[in-house]
Amino acid sequence: MATIKEEVISELESEAQVMQIVEAAFEGIDMDALTSMTPGLPQVARQNAINSLLGSKKLVIQQAPGGVLRLKVNTSQQIAGTEEEQVIYGLIEESKTRGIWIKELRDGSGLNQLQLRKTLKSLETKKLIKTIKAVGTTKKCYILFDMEPDMSLTGGTFYSDQQLDSELINTLISICGSYAASRRKHAIEANPNNIQLQREESYIRPQEIAQFITEKRILNVPLSVEDLDRILEVAVLDGSIERRADGKIRACAPRSSISPLVSVPCAVCPVVEDCRPGYVISPQSCDYMKNWLASL
Ligand code: SF4
């Protein structure tokens, strides 16, 4: 009896020890590292503990880039489905609102192309996941069915159905330009003999324009100060306004021609930070860039 009790306690202790180490490893832990961190556990006891934790779905195995297998705490919601579906669902769930590319799913799951496509199709049919075509790329990205994709996928205020809403951008540039021009005119008329004051009083805080747009209900969509800043950056490139170091803007003197830079899609692109030649998101694969170049 005493021997049986001792073995049971020993199994529980082994599991607790393994679980504690895996829990502390945010990115998961490979077998070699786990072995070196549990020197007191005999090989068989360690393996039994791992098998038991995998069997009770407290842990999962994931493939890290480079093919190394890692143990991770299973944070995934359990779904009815095959083991492959559980793994793929877990990876998509982990990606949260940013979604995950098919290559990352293949690397993370170790499934071959055929298994992966079959599993994705099944999860889509069960309405557990959906695909999103992210802005700036033609490649599909996977996200949980009930999850709202974040701005880096949808493009935010300036995109509608993954299409750059140039009409909205042009309207906002025009409103900002007119507002600033009217302030400049007023500053000149109010201070006819003082160039310094004319200049100072023609500067406006961007928040003032954002407030004007909100109050006049010019847009049906909410416009944040960050969104307005992106519009102002385009207007600065266009040469219709200038911005000084404290962030205030003012209208430039009127010009006759409009620079093509006003419509460059990168100026309002939410994935500009991730866009590099040769990357998944790149100017070469970008439909907006192709269309813009074609329009020059
Ligand atoms: S080329 Fe410009 S618009 Fe296209 S993804 Fe890159 S930054 Fe965005």
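Is Lys-127 buried or exposed, and how many C-beta neighbours lie inside 10 Å? Lys-127 counts as exposed, because it has 9 C-beta neighbours inside 10 Å and the limit for exposed is 12 or fewer. The model is predicted.

**Lysines with positive phi**

- Lys-127 is not a glycine, yet its phi is positive, at about 55°.
- The loop between α6 (113-125) and β5 (129-133) holds Lys-127.
- Lys-96 also has a positive phi, near 50°, and is a residue other than glycine.
- Lys-96 sits in the loop between α4 (83-94) and β4 (100-101).
- Lys-96 is partly exposed, because 13 other C-beta atoms lie within 10 Å; buried would take 20 or more, and exposed 12 or fewer.

**Helix pair α8 and α11**

- Two packed helices are described by the angle between their axes and the distance between the axes.
- Helix α8 spans residues 166-190 and helix α11 spans residues 225-238.
- Their axes come within 9 Å and cross at roughly 75°.
- α8 and α11 are therefore roughly perpendicular to each other, as angles of 65 to 115 degrees count as such.
- On the α8 side, the contact involves Ile-169, Leu-172, Ile-173, Cys-176 and Gly-177.
- On the α11 side, these residues meet Ile-231, Leu-232, Val-234, Ala-235 and Asp-238.
- The residues of this contact between α8 and α11 divide into 8 nonpolar, 1 polar and 1 charged.

How values were computed:
Residues numbered from 1 in each chain as written. Predicted model: local features only at pLDDT ≥ 70, side-chain atom pairs only at ≥ 80, totals over all residues. Helix = DSSP H or I, 4+ residues; strand = E, 2+ residues; numbered from the N terminus. Axes fitted to C-alpha atoms, helices over the stretch in contact; angles between N-to-C directions. Parallel < 35°, antiparallel > 145°, perpendicular 65-115°, else oblique. Contact = placed C-beta atoms within 7 Å. Nonpolar A, V, L, I, M, F, W, Y, C, P; charged D, E, K, R; others polar.
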